[in-house]
Amino acid sequence: MLSTRAQWAAGQPIGELMAQALQYPELVSLAAGFVDNATLPCAEVVACFEQLSADASRLRASLQYDTTAGSRSFREVLAQWAYHPWPQARPAVEQLIATAGSNQLLHLITEALIDPGDIVVAAAPTYFVFMGTLKGAGARVFGVSSDEDGMQIEALKETLEQLDGQGLAKRVKAIYLVPDYDNPAGSTLSMQRRQELLELVERWNREKGALVVLWDNAYQLLRYDGEELPPLSAIEPSCRRFVVELGTFSKSFAPGIRVGWGVVPSWLLAPVLEIKANIDFGSAHFNQVLMEIALRDGLVDAHLPAIVATYRSKRDTMLTALEESMGDLPGVQWRHPRGGLYVWLTLPNAVDAAESGLLWRIATKLGVLYVPGVYCFPTEGYPPQRNSIRLSFGVQSHEGIRRGVQMLSQAIRQTLTATV
Ligand SMILES: Cc1ncc(COP(=O)(O)O)c(C=O)c1O
């Protein structure tokens, strides 16, 4: 009865994780990637409403449908705002699409590019929700090893060469990256790797055929230290032929408004819009008008420092708690993210952190939830690491972070004792 696509889409970890958080509300969740309720821009949104309610015709217009690509005046403001530090890379408004969060654009691009059996290459580990989208379209996802500086471009090159050697060059459709403070590993693609990536994909496009880079910059604005690194289009504007740059207000303003966007190569734009027309012929206009006012009036920029300060101090609380409670544990390591919402933890090889493993059972019994890192590994290429964990410092209070990390440390110690 059910379609093949429904079967491919079954068993998504995101559904499981959400259900667990609801099932065990008494547990300290270091799993949820939600933003902190206290950072949500209530006063700013009220100010936008007030402005809108003072202009009856604008309010009326905002309650009507707009175009499939989204409100033009919103996209004009967005093009300026999003590329403000890099005016040379400011996109034409026609290339910019507004979507219901950046997840929707990832989905639309998947629909436009992927036939069953097509290949996407991603960092290992990577954003597991998008892997679910790809799985649902029948794609094969190959993982490439990554470190603090993001995807290793040398390893990417080897993976592409291997696939080419197997006669699969034409099946490789996209490379997916979360370049800044990524989900789940908190890594940032270094400047040198940005340049190497551009060269590699430019050459592949010249010699082998179309290969798209999906540059998912969901966390770009959540920067706590280190310098701001440019997107690919700011390094080489001509790369817009094969790069899709995606952004979202979900992390930097409010996920409940759910406005995302993307700059899409001209040849890919029409198919993406046709597919979007079949789905919703335009995302919520009202939300775009709200974001247009928030951008024009500088409310997003004014609110951002408070968000950044909150998460910076929570990140520091988590790193300190890890040092204090696990610093003495051999084989336990974690990354120091320069932004974003996540800390990536690697445990001794013997520890299985997956849901079927001992650590999970002990941790949930003690009262703490985490995301098993194994969810974040593509099924092919670089092997999944069952001894890894994603921790989020977004939702919990400082006290919750400390308690959660302490319980996790206890759970790891008990697991190690039981497995030795
Ligand atoms: C890497 C990454 N991309 C995209 C998204 C989706 O965000 P949106 O709410 O804009 O769909 C998320 C959300 O957690 C994310 O972590």
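A search of the whole structure, which is a predicted model, finds 21 salt bridges, each defined as a side-chain nitrogen of Lys or Arg within 4 Å of a carboxyl oxygen of Asp or Glu. Local features need pLDDT of at least 70 and side-chain atom pairs count only at pLDDT 80 or more, whereas totals for chains, interfaces and linings use all residues. Residues are numbered from 1 along each chain as its sequence is written, and side-chain values use heavy atoms, with hydrogens and water left out.

One of these salt bridges joins Lys 208 and Asp 164, at 2.8 Å from N to O. Lys 208 lies in the loop between α9 (191-207) and β7 (212-216) and Asp 164 in helix α8 (residues 153-165), so the pair ties together parts that are 44 residues apart in sequence. Helices (H or I, at least four residues) and strands (E, at least two) are DSSP runs, numbered from the N terminus. Lys 208 is partly exposed at 28% relative accessibility, as is Asp 164 at 26%; buried denotes under 20% relative accessible area, exposed over 50%, and partly exposed the range in between (1.4 Å probe, protein chains only). Arg 240 and Glu 245, whose closest N and O atoms are 3.2 Å apart in a salt bridge, are both buried.

Four strands form an open antiparallel sheet in the order β10-β11-β15-β13, two strands being paired if DSSP finds at least two bridges between them. β10 (333-334) and β13 (371-372) each have a single partner strand, so one side of each lacks a neighbour in the sheet. β10 pairs with β11 (residues 342-346) over two bridges, and Trp 334 stands opposite Leu 345 in β11.
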